[in-house]
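My notebook is open, and I am going to look up a few things one by one. Come along and check each entry as we go.

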Amino acid sequence: MKLYSLFSKKSNKYRTGLVLSGGAARGFAHIGVLKALNENGIYPDVVSGVSAGALAGVLYCDGYKPTEIFEIFRDKSLMRFATITIPRDGLLGIENLRRVLETTLRAQTFNELQIPFYCNATNLNEGIAEYFHEGELVTRVIASASIPVLFKPIYINHTTYTDGGVVDNFPVWPLENQTDHIIGVHVNPTGKMHSIKSLVKIAERSFHVMVNSRIKEMAANCDLFIQPEGLHQYGLLHASAGKEMYELGYESAMKTLKKKFLKKFHIKAS
């Protein structure tokens, strides 16, 4: 039985909204979740994503199927997006990601996407989150995914932008009061780490803890919240484990959907 009956019709602009968190290479899990949702008859009418969630989200909104997005992520690994630069304002450049998006995306602007899409980046000049929904697409998506220190910031109209997760790593706000139901996917759980010794590990762990500070509060705004188990064991740039994270996302979403379905219709699990 398809699970689309989880969501009854109401009267907002969109029926189902999808929120995709940041999480760098853990974004592979987003693709698995998308696959599970589609297999169960759930197709979001609007998507809001940040960082890795913005990358997965924009490809989905551009008309790519989850399996196609997985191939794009795998064949053009997140690790390959980064190029070493002289460390003035960031250790890594992100121009390879720009080339990937420019050659992969069919849409050039937000309005040309098949599904309405939001992404957010951090305006460093003002110290606030900015939510993009119109205009040129690629530069704003890249800004959303520019992890501070690791990647160089992006400059748009004389304003400096960096990863949207610094201020809002779960951009549910754009979908509130627009959708009947919100599905949230969080792929950046902190978990517990026993050894944090290297400078990279310290920086990575600090970023994870910082962006997760309000996740419980934000998750309360979702009708369905999916947080794949086991993702905390994979590092920020651990793209080589993409298939494993993709499968974790798929399995966790299927499990969560089944549990939600059984609970809604008061069916006992066998």
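**Entry 1: the cores**

I looked for the largest nonpolar core and found 60 residues in it, with Phe117, Leu137 and Val141 having the most contacts inside it. A nonpolar core is a set of buried Ala, Val, Leu, Ile, Met, Phe, Trp, Tyr and Cys residues joined through side-chain atoms within 4.5 Å. Buried means under 20% relative accessible area, exposed over 50%, and partly exposed in between (1.4 Å probe, protein chains only).

I noted that this is a predicted model, where local features need pLDDT of at least 70, side-chain atom pairs count only at pLDDT 80 or more, and totals for chains, interfaces and linings use all residues. Residues are numbered from 1 along each chain as its sequence is written, and side-chain values use heavy atoms, with hydrogens and water left out.

Next I listed what Val141 touches (heavy atoms within 4.5 Å): leaving out residues up to four places away in sequence, these are Ala54, Leu55, Val58, Leu101, Phe117 and Cys119.

Ser51 has a positive one, near 55°, and I found Ser51 in the loop between β2 (46-49) and α2. Strands are DSSP runs of E, at least two residues, and helices of H or I, at least four, numbered from the N terminus.

Asn177 also has a positive phi, near 70°. Are these residues buried or exposed? Ser51 is buried, at 4% relative accessible area, whereas Asn177 is exposed, at 74%.
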